[in-house]
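Subject: Structure for your files

Hello,

Here is the structure I said I would pass on. My notes on it follow below.

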Amino acid sequence: MPEAVAKAMIAGRSTDVAAPLDYVEKRQALSRAILARLAAKYGAAIIDPLPTICSHGHCNAVRNGLPIYKDADHITATHGKEPELSVYPFAIDDSSVAGDAHPLNI
């Protein structure tokens with residue numbers, strides 16, 4: 001995805017290159033089902049970034065002039081730390097969470 005965004009920016013075209021939400025949901029269905037089972041089994045929290053990236057059936061590829069994704073599936077560290085995304089609160093500051101209580105420990 002970053003390559004498509006860069007090419008669009010260089011060509012002066014729209015950076016609206018992200019897939020529609022329904023496509024993303026279908027593409028991620030198996031992974032989400034596996035994660036849900038693992039989270040239930042181990043008592044882990046699932047932190048879903050899609051509500052902060054997608055709305056009204058559309059997902060964004062760019063925010064504040066920068067690509068949101070570093071590849072086809074992973075958001076950049078820059079966007080993961082932005083307050084308006086707030087999808088990874090423990091990755092930003094996990095100093096108050098100890099040991100097994102951390103929601104990302106499986």
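T76 is buried in this predicted model, with a relative accessible area of 17%. Because the cut-off for buried is under 20%, T76 falls on the buried side of it. The residue sits in the loop between β4 (66–67) and α4 (77–80). Apart from neighbours within four places in sequence, the contacts of T76 are P67, I68, Y69 and K70.

As for the chain as a whole, the secondary structure comes to five helices and four strands. Read from the N terminus, the order of elements is α-α-α-β-β-β-β-α-α. The chain has 106 residues, of which 26% count as buried. Taking contacts between residues at least 6 apart in sequence, 46% join residues at least 24 apart.

Helix α1

Helix α1 covers residues 2–11, and its buried residues are P2, V5 and A8. They lie on the same side of α1, because the arc they cover around the axis is only 125°. The face of α1 turned away from the buried side carries the exposed residues E3, K7 and I10. What do the buried residues of α1 pack against? Their partners are the strands β3 (62–63) and β4. Just after α1 comes G12, which takes a positive phi of about 75°.

Helix α2

Helix α2 runs over residues 21–42 and bends by about 55° at A29. L21, V24 and A39 are the buried residues of α2. The buried residues of this helix pack against α3 (50–53), and also against the strands β1 (54–55) and β2 (58–59).

One of the buried residues of α2 is A39, which has a relative accessibility of 11%. Not counting residues up to four places away in sequence, A39 touches A44 and I46. G43 follows α2 and has a positive phi, near 70°.

Salt bridge

The count of salt bridges comes to one. R32 pairs with D48 in a salt bridge, with 3.0 Å between the closest N and O atoms. R32 belongs to helix α2 and D48 to the loop between α2 and α3, so the pair ties together parts that are 16 residues apart in sequence. Are these two side chains' residues buried or partly exposed? R32 counts as partly exposed at 30% relative accessibility, and D48 counts as partly exposed at 30%. In general, side chains of opposite charge can pair when their charged atoms come close.

Disulfide

The structure holds one disulfide. C54 and C59 form the link, and their sulfur atoms are 2.0 Å apart. The link of C54 and C59 is right-handed, with 100° about the S-S bond. Both ends are buried: C54 has a relative accessible area of 7%, and C59 has one of 2%. For reference, a disulfide is a covalent bond between the sulfur atoms of two cysteines.

Nonpolar core

Which residues have the most contacts inside the largest nonpolar core? They are L50, I53, C54, C59 and Y69, in a core of 13 residues. The elements that give two or more residues to this core are α2 and α3.

Regards

Definitions and conventions: Residues are numbered from 1 along each chain as its sequence is written. This is a predicted model: local features need pLDDT of at least 70, side-chain atom pairs count only at pLDDT 80 or more; totals for chains, interfaces and linings use all residues. Side-chain values use heavy atoms; hydrogens and water are left out. Buried means under 20% relative accessible area, exposed over 50%, partly exposed in between (1.4 Å probe, protein chains only). Contact means heavy atoms within 4.5 Å. The arc is that of the directions from the helix axis to the C-beta atoms. The bend at a residue is the angle between axes fitted to the seven residues ending there and the seven starting there. A disulfide is a pair of cysteine sulfur atoms within 2.5 Å. A salt bridge is a side-chain nitrogen of Lys or Arg within 4 Å of a carboxyl oxygen of Asp or Glu. A nonpolar core is a set of buried Ala, Val, Leu, Ile, Met, Phe, Trp, Tyr and Cys residues joined through side-chain atoms within 4.5 Å.
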